[in-house]
Amino acid sequence: MDILFLTIDILGTAVFAISGFLGAFDKRLDFFGGSIIALVTAIGGGSIRDVLLGVTPVGWLSNRPILYAIFGGIFIALLFRKHLLKLRKTMMLFDTLGISLFTVLGTQVSLSMDIAPVSAVLLGTSSAVAGGVIRDTLCNEIPLVFKGNLFYATPCILGGFLYWILLKTPVNTEWSAIIAMSFIFTIRILAVRFKWKIPELV
């Protein structure tokens with residue numbers, strides 16, 4: 001795997017592990033419970049993507065740095081939890097960074113396997129949001145992706161298509177990834193800041 005995408009994979013995994021562990025602390029789970037939540041948050045989306053793509057074994061089983069990233073994320077969350085838990089928007093920031101990284105990674109992995117662009121973007125989006133869905137479900141919360149405060153999966157879809165379009169231009173792969181990730185991150189932050197919503201069912 002290209003060094004950029006390996007870095008994205010490791011960083012995204014660590015970020016989602018932190019997010020999962022903080023979510024577990026919010027629910028007052030013990031260390032073991034928190035570690036399980038961190039694990040499934042970090043690897044859930046990528047595992048689902050790999051299963052759908054027929055990749056065996058799934059990425060984290062054959063990629064030792066991914067496991068180190070999970071342990072590192074848990075350690076950081078455990079070490080700085082008191083400071084992080086005081087910042088109510090920290091979870092949002094970690095999730096936003098995580099979905100930005102994993103959308104582009106998932107889309108790239110899918111495209112590299114000759115998956116149709118629309119399907120590749122959907123797989124990229126799924127790999128970005130599925131871990132958070134599993135985390136929220138286990139923590140007895142309505143997953144963010146199903147809430148009206150959305151603009152959670154939507155930036156992933158838009159960013160995934162932006163990445164695919166950029167790959168068709170003279171912009172190189174690395175810059176295409178950076179631009180797409182920045183786009184997703186910015187749109188999600190703006191959505192939270194200005195309370196952009198998709199209408200709820202009534």
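Student: To begin, is R28 buried or exposed?
Tutor: R28 is exposed, with a relative accessible area of 76%. Exposed means over 50% relative accessible area, buried means under 20%, and partly exposed lies in between, with a 1.4 Å probe and protein chains only. Please note that this is a predicted model, in which local features need pLDDT of at least 70, side-chain atom pairs count only at pLDDT 80 or more, and totals for chains, interfaces and linings use all residues. Residues are numbered from 1 along each chain as its sequence is written, and side-chain values use heavy atoms, with hydrogens and water left out.

Student: Where does R28 lie?
Tutor: R28 is in the loop between α1 and α2. Helices here are DSSP runs of H or I with at least four residues, numbered from the N terminus. R28 also has a positive phi of about 60°, although it is not a glycine.

Student: Which residue follows α7 with a positive phi?
Tutor: That is N140, whose phi is near 60°. N140 is not a glycine either, and its place is the loop between α7 and α8. With 68% relative accessibility, N140 counts as exposed.

Student: Where is there a kink in α7?
Tutor: The kink is centred on V129 and amounts to about 35°. The bend at a residue is the angle between axes fitted to the seven residues ending there and the seven starting there.

Student: How far apart are the end C-alpha atoms of α7?
Tutor: They are 32 Å apart, which agrees with the 32 Å that its 22 residues should span at 1.5 Å a residue. The expected span is 1.5 Å times one less than the number of residues.

Student: What is G131 in contact with, leaving aside its neighbours within four places in sequence?
Tutor: G131 is in contact with V40, T41, G44 and G45, where contact means heavy atoms within 4.5 Å. G131 lies in helix α7 and is buried, at 3% relative accessibility.

Student: Why is the pair of F21 and F31 edge-to-face?
Tutor: The planes of F21 and F31 are at 70°, with the ring centres 6.0 Å apart, so the pair is edge-to-face. The pair links distant parts of the chain, with F21 in helix α1 (residues 3-26) and F31 in helix α2 (residues 31-53), 10 residues apart. F21 is buried, with a relative accessible area of 1%. F21, F25 and F31 form one aromatic cluster.

Student: What sits over the ring of F194?
Tutor: The charged end of R193 sits there, 5.1 Å from the ring centre. The rule asks for NZ of Lys or CZ of Arg within 6 Å of the ring centre and within 35 degrees of the ring normal.

Student: Is R49 buried or exposed?
Tutor: R49 is buried, with a relative accessible area of 10%. R49 lies in helix α2, and its contacts beyond four places in sequence are L105, G106, V109, S110, L123 and S127.

Student: Lastly, which residues does a cis peptide bond join?
Tutor: The cis peptide bond joins T56 and P57, with omega of about -10°. P57 is in the loop between α2 and α3 (59-62).

Key:
Rings of Phe, Tyr and Trp (its six-membered ring) pair if their centres lie within 6.5 Å; planes under 30 degrees apart count as stacked, over 60 as edge-to-face and the rest as tilted. Helices (H or I, at least four residues) and strands (E, at least two) are DSSP runs, numbered from the N terminus.
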